[in-house]
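Good morning, and thank you for making time for this presentation. I would ask you to keep the sequence and the structure in view while I speak.

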Amino acid sequence: MSEVNRSERVGGWTRFVTARPRLALLAALVITALAVFAGSGVADRMGSGGWEDPDAESTYTTQVLEREFPASQPNLLLLVDGGSASVDDPAVAAEAARITERLAEEEGITGVGSYWQSASPALRSEDGHEAIVAARIEGDEKAAGEILDRIAPAFRGVHGPVEVSVGGPVAVRHEMQTIIQDDLLRAELIALPVTLVLLVMVFGSAIASLLPLAVGIVAILGTNAVLRGITEFTDVSVFAQNLTTALGLGLAIDYALFIVRRFREELATGADTRTAIGTTLRTAGRTVLFSALTVAVSLAAMMVFPQYFLRSFAYAGIAVVLLAAAAALILLPAALMLLGPRVNSLDLRRLLRRRAGDEQAGPDAADRAGGVPGGSGAGWGRFALLVMRRAPVFAVVTTVGLVLLGLPFLGVKFGTADDRQLPTSAESRVVQEHIRDGFPGSPGGGLEVLAEGAATPAQYADFRTRIAALPGVQRVDGPVAGDGSAYFAVLPDGESVGQGAQQLVQDLRAEPAPFDTSVTGTAAVLVDSKDAIADRLPWAVGIIVVVTLLLVFLLTGSVLIPIQAVVLNALSLTAMFGAVVWVFQDGNLSGLLSFTSTGDIETTLPVLMFCVAFGLSMDYGVFLLSRIKEEYDRTGDHEHSVTFGLRHTGGLITAAAVILAVVMVAIGTSRVTNTKMLGLGIALAVLMDAMVVRSLLVPAVMKLMGRVTWWAPAPLRAFHRRFGLSEGESARTPAEDPAAEEIPGTSRAGDEERDKVTVEA
């Protein structure tokens, strides 16, 4: 495709988005208002589970047991506390019997049982002052939550000689959902004003600072409407709303920063408003498009996993990224067309410059210099030259440091989320802790073996004897027989999801029987979840890597830069994964961060964090590489282009990373541990990528590779000339530069001197 055709196409897009800016903004306002209406109540339709594989053996077994033996799968537990009296005291027993009868009469409740009916020691605390009434609430998560809201107030509290607390899996999930919604609102109230202050520090102009926030709000509201529609067809996790807020603000601000910054640069050169917008869309606009595609692909990779927890983040992530990019490429240019030079209005930094006696610098000087207050483009240029002069040292030391930070991840242990995700004051967690610490065995942590098909009592007895003899079995109860099926309850030794319990799942599944058997329980769900992730992970990583390589090649025309981008992105994530294990698994800083360590990491969290953090790292990588490529196309000077790219994007990337980190830290203030881990972990990854990888590793590695960085074989050079897209309007490309195939270290004479002149200027 010729350069002329490209210019015509981009010019046509400029005319399209600037032809009727008032109409475009009015339409956006109407659509956003409709999105508010369509997305209202979306959180109430979301679930708080989704960690299990819906096609796994454990899921099938659970569904059969829920249908045929509801008492085997209680999800509602009433903890009855007799105070100083024993649970066998006649007054306590009589009141507990009345509570049990009332619960059995409630609509939507089945499988009601209690210690006072069965005298099971597993339902009586070891000190004899507490006992359990167990039941199953029918229906899906939403229906179960509604029933819980209806009946809980009637049972919670003091009833004569006893006090009742409400717990069980359905109560844990429902309370987690409520807390997440409250925490998300608090995070938004923290993030929005802090983000606005940071934007004012970056732009100076209050008008320019409001534009990125407007783009973010449009993206968030639009994504909520999309998620509301998706809930009509499939399950969506409430955790996805946190990603919607984080990426909606973070990416929208990144994209708007890049576009508004470039627009202001073009205005500063004397261009009129329409020309400035055209140049901005031709350069920064293309970068935003590539960035959005790379981030969307990273998030879309989670679609290959069966767990709806992960798929939900793909739904939310793809929607919010595309909406943020669309708003930045359509609505933002329309707003800039109306504002023109007034985008620099209400420059709050001018007051500070007057006080500092620096008025002569002009309102846009800081932006032209580096984009952040207190920093300068010349400073980033000098820093790039320093790194490239000592490239081997910076490359080795930085790489070794990142690898060392990631070493704790080698000791990762995977587990399942439980009530300890909640704050210690949560009622459902208090109930579960009383049961976990005060009742015999491991209530709720056992395994169930379902036997289907015709069988005799003797065959059941023989099977029970054999599974009772397996290593790691503490007790076997049953069989409880039904119509053509039966089940055995197996209590493992040790932790309910420990390695011993997971091995016991494998042994039970391997045990031969004259009937069909299947196993479920907490450890079985974990085993199946780990297997599902291990099976699909190579596909997800493959999709991300292949598409990233292709997109970066289309942007740069080089076969080496895409490989470099993937490797350096992976390195940028090591600190995040190491910190996740050191802090959240091992419990370091648990007091400071107010969470309870369970000694493991929920299985799906590392996958989620990898996909999100990798996409965000590519976001900053594309910003830097696109500016380097633009200058290399113009000059053919490799080292000067690297210096130029870091000089013109270093401050911008750092500012964007700090703002996104603020949003993620606000998410990380959640009282739910997994959300805290997600927010703080990704904040760390973003800062490491912007401040270490983009500032140190990228210039060092590009210096070491030299101008061979831009090499591509002849067929791929032809492919890129035909289909590739790159920033700028240069008449030359690296593919057309014969020096591009020189070996590293043979950059043209005068590169270093030109960089010095550029920085001094």
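At what angle do the axes of α7 and helix α8 cross, and within what distance do they come? Before I answer, please bear in mind that this is a predicted model.

The axes of α7 and α8, the latter covering residues 206-230, cross at roughly 135 degrees and come within 8 Å. On the α7 side, the contact is made by Leu192, Thr195, Leu196, Leu199, Val200 and Phe203. On the α8 side, the residues are Ala208, Ser209, Leu210, Pro212 and Leu213. By class, the contact has 9 nonpolar and 2 polar residues, and no charged ones. As a general point, residues three or four places apart in an α-helix point the same way, because the helix has 3.6 residues a turn.

Let me stay with α7 for a moment. This helix has 35 residues, 169-203, and at 1.5 Å a residue it should span 51 Å. The C-alpha atoms at its ends are 49 Å apart, which agrees with that expectation. Following α7 comes Gly204, with a positive phi near 80 degrees.

Helix α11, residues 308-339, packs with helix α23, residues 605-635, at an angle of about 15 degrees, and their axes are 10 Å apart. These two helices are therefore roughly parallel to each other, the cut-off for that description being under 35 degrees. α11 passes α23 in a right-handed crossing. The contact involves Phe309, Leu310 and Phe313 of α11, together with Leu605, Val607 and Leu608 of α23. Its residues comprise 6 nonpolar, no polar and no charged.

I turn now to the strands. In what order do the 5 strands of the open sheet stand? The order is β2-β3-β1-β5-β4, and the pairing is antiparallel. β2 and β4 stand at the edges with a single partner strand each, so one side of each is left without a neighbour in the sheet. On average, neighbouring strands are turned by 25 degrees against each other, direction ignored.

Consider β1, residues 76-81. This strand is joined to β3, residues 130-137, by 6 bridges, and Val80 stands opposite Ala131 in β3. β1 is also joined to β5, residues 162-167, by 5 bridges, with Leu79 opposite Ser165 in β5. In general, side chains alternate between the two faces of the sheet in a regular strand.

β5 pairs in turn with β4, residues 157-159, over 3 bridges in the antiparallel sense. Here Gly157 stands opposite Val164 in β5. β4 and β5 form a hairpin with 2 residues between them, and Gly160 in the turn has a positive phi of about 60 degrees.

Finally, two points of backbone geometry. Ala119 has a positive phi, near 60 degrees, in a residue other than glycine; it is found in the loop between α5 and β3. Which two residues does a cis peptide bond join, with omega about 10 degrees? They are Gly478 and Pro479, and Pro479 is found in strand β8, residues 473-481.

Thank you for your attention.

Conventions. Residues numbered from 1 in each chain as written. Predicted model: local features only at pLDDT ≥ 70, side-chain atom pairs only at ≥ 80, totals over all residues. Heavy atoms only, no water. Axes fitted to C-alpha atoms, helices over the stretch in contact; angles between N-to-C directions. Helix = DSSP H or I, 4+ residues; strand = E, 2+ residues; numbered from the N terminus. Parallel < 35°, antiparallel > 145°, perpendicular 65-115°, else oblique. Left-handed = near helix turned anticlockwise from the far one by under 90°. Contact = heavy atoms within 4.5 Å. Nonpolar A, V, L, I, M, F, W, Y, C, P; charged D, E, K, R; others polar. Pairing = 2+ DSSP bridges. Expected span 1.5 Å × (residues − 1).
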